[in-house]
Amino acid sequence: MAHGWNELPAVGGETASRQEVPPQLAEYRATIDNLDAALVHLLAERFRCTQRVGHLKAELDMPPADPTREAIQVARLRALAHDSGLDPVFAEKFFSFIVAEVIHHHEQIRAESGSAA
């Protein structure tokens, strides 16, 4: 159920009113919502691709993790973050979180395929 800017979902399915949101804030929030949706779609596409990588690694009997590539990627993404005005430490933490999930998926795929590391 969609809620308007002036409504909050409440316990029991009722809505609670709140103060009118200034138009500029509503505009910023709409942009943030669009960016959040784009991030979710990009992450979904990234994970679809890394799932294919996981299957290929299992087929080729390669280990789920590649520390050399990960180190190169961290350095590259830290530089991109810096150049983009994003905190490189945050970018590295975010990337590390994603990589940990990817490795977990690759380990699951490997286990399901019967390959050993």
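Predicted model: local features only at pLDDT ≥ 70, side-chain atom pairs only at ≥ 80, totals over all residues.
A pocket, as I use the word here, is an open set of grid points with protein on both sides within 12 Å along at least five of seven lines.

**Entry 1: overall build.** I began with the elements of the protein and noted three helices and two strands. Reading from the N terminus on, I recorded the order β-β-α-α-α.

**Entry 2: surface and burial.** I noted that the protein has 117 residues, and that 19% of them count as buried. For the accessible surface I wrote down about 8800 Å², with 61% of this area belonging to carbon and sulfur atoms.

**Entry 3: contacts.** I then turned to contacts between residues at least 6 apart in sequence; 51% of these join residues at least 24 apart.

**Entry 4: the largest pocket.** I recorded a volume of about 690 Å³ for the largest pocket. Its lining consists of 27 residues. Which of them lie nearest the centre of the pocket? I found Arg-46, Gln-73, Leu-77, Phe-95 and Val-99.

**Entry 5: sources of the lining.** The largest share comes from α3, which contributes nine residues.

Entry 6: Finally, I sorted the lining residues of the largest pocket by type and counted 17 nonpolar, four polar and six charged.

Terms used: Residues numbered from 1 in each chain as written. Heavy atoms only, no water. 1 Å grid on protein atoms, 1.4 Å probe; cavity = no way out; pocket = protein on both sides within 12 Å on 5 of 7 lines; lining within 4 Å. Points joined across faces, edges and corners; volume = space filled by probe spheres on them. Helix = DSSP H or I, 4+ residues; strand = E, 2+ residues; numbered from the N terminus. Nonpolar A, V, L, I, M, F, W, Y, C, P; charged D, E, K, R; others polar. Buried < 20%, exposed > 50% of the residue type's maximum accessible area, 1.4 Å probe, protein only. Contact = heavy atoms within 4.5 Å. Areas by Shrake-Rupley, 256 points an atom, 1.4 Å probe, with all protein chains shown as cover.
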